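Biologist: I would like to learn how to read a few features of this model. Please give me the general idea each time, then the case at hand.

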Amino acid sequence: MEYNHFYQQSILQRGKFWGRKAAKIAWYKAPKTVLTLDKQGYYKWYPDGELNTCYLAVDKHVKDGKGGEVAMIYDSPVSNTKRKYTYDEVKLRVSKISGALRDKGVEKGDTVIIYMPMVPDAAFSMLACARLGAVHSVVFGGFAPHELAIRIDDAKPKVIISASCGIEFDKIIPYKPLLENAIQEAEHQPSACLILQREMHICSLQEGFDFDFEESVNAAEPADCVKVNATDPLYILYTSGTTGKPKGIVRDNGGHAVAMQFSMDYVYNAKKGDVFWAASDVGWVVGHSYIVYAPLIAGCTTVFFEGKPVRTPDPGTFWRMIEEYKVNIFFTAPTAFRAIRKEDPESEYLKKYDLSSLRTIFVAGERCDPSTLKWLQEITQKPIIDHWWQTETGWAIVANMMGVEQFPVKEGSATKPVCGYEVQILDETGEVLGPNQEGFVCIKEPLPPGCLPTLWNDDERFQESYMEKFPGYYLTGDGGYIDPDGYVFIMGRIDDVINVAGHRLSTGEMEEIVSSHTAVAECAVIGIEDELTGQKPLGLVVLKDTSTISGEEVQQDLVALVRAQVGAVAAFRTVVIVKRLPKTRSGKILRKTMRMIADDKVFTLPSTIDDPAILEELKVILQNNYIGLVSKKQF
Ligand code: COA
Ligand code: AMP
């Protein structure tokens, strides 16, 4: 199929195009209207459609006679477990979990938080919520209690589902104390917790409040799918914004289901029965879309992996899995491949395995650096497809649409806009820029199906964060350009969000935590380049004149503080004590300039700088000690 024509139709004949794509979904009531703009100015996809997302992902396949086919393969090198679940088995398990939730009072429209490691019941619990029309909010297991507490207060869950522990490499991480601390910190109190006891660590349960997950599920009657409106929320997924309060991205049911099916057909070129593996975590959007919903809606077998690319047990794990399960399509973050390359640069492990089942490798979550791209192409001899998207959109904005037309790959580009996304580059004044001119990457309204309709209970912040800067456009938060051939190049965030090992984190939030220390007068946290994880946070701190504790002590305190508040996943390990921070005359800290210095990049001195000497001081400190700090030390 020809991309240009297909893409143009998705924009110019929006109603017809997305109406036809919606017909691939089994609705209870098919929508007559494809897209409307309500009085408040919000676009709504398929407003009169009725469906159930769990039905599409599970029951539909059973009804079609595919109940005996494998829906999910669970492989957990960290717990030494391997298991396959057929669609029949998934249906039974999910409907029983729904029953257990219903027994705890969960109804359509209620919220449920899922704070779990990568165990199949995490995915089944998501589907169980969808089955009841309840709204799930999965919180990544690597987040600390404070982060969980913020999400509890915002989502106000009736029930929290959790587990006794997670496993990080060979380390058991007890979840219950984290959950208890979070509930203690939160104002909102759930009415019950369902706790999955894992045999490697059994936790104690508080009578009348904590309930054994397995016992509750066993005792429950299976629940049926509840009809919901297309515009009803399916889930909330919190993601880092520029402040300490994460943004609750809302996903609707109807647009999401259409987008998931569409992306499987045209972005991934996945067919029914294919084995699809997204090596990520259900706590991230990749996990929501491509471990759980899309592969199941499309009738594929999804691979559910509890492990890491390395040291579980070795850098051959990915290749072993691809051979063992005959994976057809594989998706992960570039950082995972960089970790493998570091431990196995000659790809000796790969040579032991047969990758003939594998058609394509997709990467996302961060920019795919040319060196990783070339290495991967060389060692696998497979198409390596970078695609750019974000939690907000839930699926790819820019990609090489493998089910449409395969374009030659250009290093550093995720290729062309995906159907439905009108990507444009704007300058500060909102003018559309021409080829090769770098600016704000924006998407002209309306966004295609599946993208966020708003933020959870916060229309105002939605407008402020995404829609107000350039009326008529959605601001992605990334900078970049489009070349004369229409290839989109994403150059990185233009706000205070950084990307560490494929994890999206807020430096603004880290600054709030760092500045809460009694010895800190002011601070800046910037993301500096790192060869393995893409970026790493670096804290620059000015101490109060009255501070009596040593700089070293403050450094240790701050690292511990961020770890305790955000979680280990923040990877905040470096703090530099400086005398002053460079600022503009109006007092704005020059974070971008500091980042350029730390990354050893050419920069122009901002004309508004207050005192250039401060920048010079900082340059010397960074150059002598910290430029390329992590990469220099580790590689
Ligand atoms: N639960 C608890 N702790 C977690 C966690 C989880 N789910 N995930 C990460 N952490 C902890 C790690 O154990 C580590 O703790 P430490 O400081 O005590 O060592 C810390 O958070 C930092 O983790 P990470 O940045 O992931 O480093 P790592 O050395 O553990 O692993 C990689 C490095 C590259 C193997 C790993 O980051 C990875 O697999 N990345 C792929 C990312 C990905 O899938 N992203 C999703 C988008 S597609
Ligand atoms: P998240 O919401 O966690 O998925 O993070 C989204 C952000 O990650 C985007 O706004 C980009 O900054 C970055 N990102 C994701 N995928 C890519 C990619 N393929 N190329 C460049 N940046 C990416």
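Biologist: Which atom of Gly142 lies 3.5 Å from a nitrogen atom of ligand 1?

Modeller: A polar contact is a pair of N or O atoms within 3.5 Å; within protein, one must be able to donate a hydrogen and the other to accept it, and residues adjacent in sequence count only if both atoms are side-chain atoms. For Gly142 the atom is a backbone N or O. Val569 also uses a backbone N or O atom, 3.3 Å from an oxygen atom of ligand 1. Lys171 instead places a polar side-chain atom 3.4 Å from an oxygen atom of the ligand. Taken alone, ligand 1 exposes 940 Å², and the protein buries 84% of that. Such areas come from the Shrake-Rupley method with a 1.4 Å probe; for residues, only the protein chains shown count as cover.

Biologist: What should I know about the model and its numbering?

Modeller: This is a predicted model, in which local features need pLDDT of at least 70 and side-chain atom pairs count only at pLDDT 80 or more, while totals for chains, interfaces and linings use all residues. Residues are numbered from 1 along each chain as its sequence is written, chains are lettered from A and ligands numbered from 1 in the order in which they are written, and side-chain values use heavy atoms, with hydrogens and water left out.

Biologist: Is strand E24 enclosed or open?

Modeller: Buried means under 20% relative accessible area, exposed over 50%, and partly exposed in between (1.4 Å probe, protein chains only). Strands (E, at least two residues) and helices (H or I, at least four) are DSSP runs, numbered from the N terminus. Five of the six residues of E24 are buried, so the strand is largely enclosed by the rest of the structure.

Biologist: Which strands pair with E24?

Modeller: Two strands pair if DSSP finds at least two bridges between them. E23 (residues 422–426) is joined to E24 by five bridges and runs antiparallel to it; Val423 stands opposite Ile443. E25 (residues 473–482) is also antiparallel to E24, again with five bridges, and Phe440 faces Gly479 there.

Biologist: What kind of peptide bond joins Glu445 and Pro446?

Modeller: The bond is cis, with omega about -5 degrees. Pro446 sits in the loop between E24 (439–444) and helix H14 (459–467). Another cis bond runs from Thr312 to Pro313, with omega near 0 degrees, and Pro313 lies in the loop between strand E17 (301–305) and helix H11 (317–325).

Biologist: Is Arg320 buried or exposed?

Modeller: Arg320, in helix H11, counts as buried because its relative accessibility is 17%. Its side chain makes a polar contact with the side chain of Asp75, at 2.7 Å.
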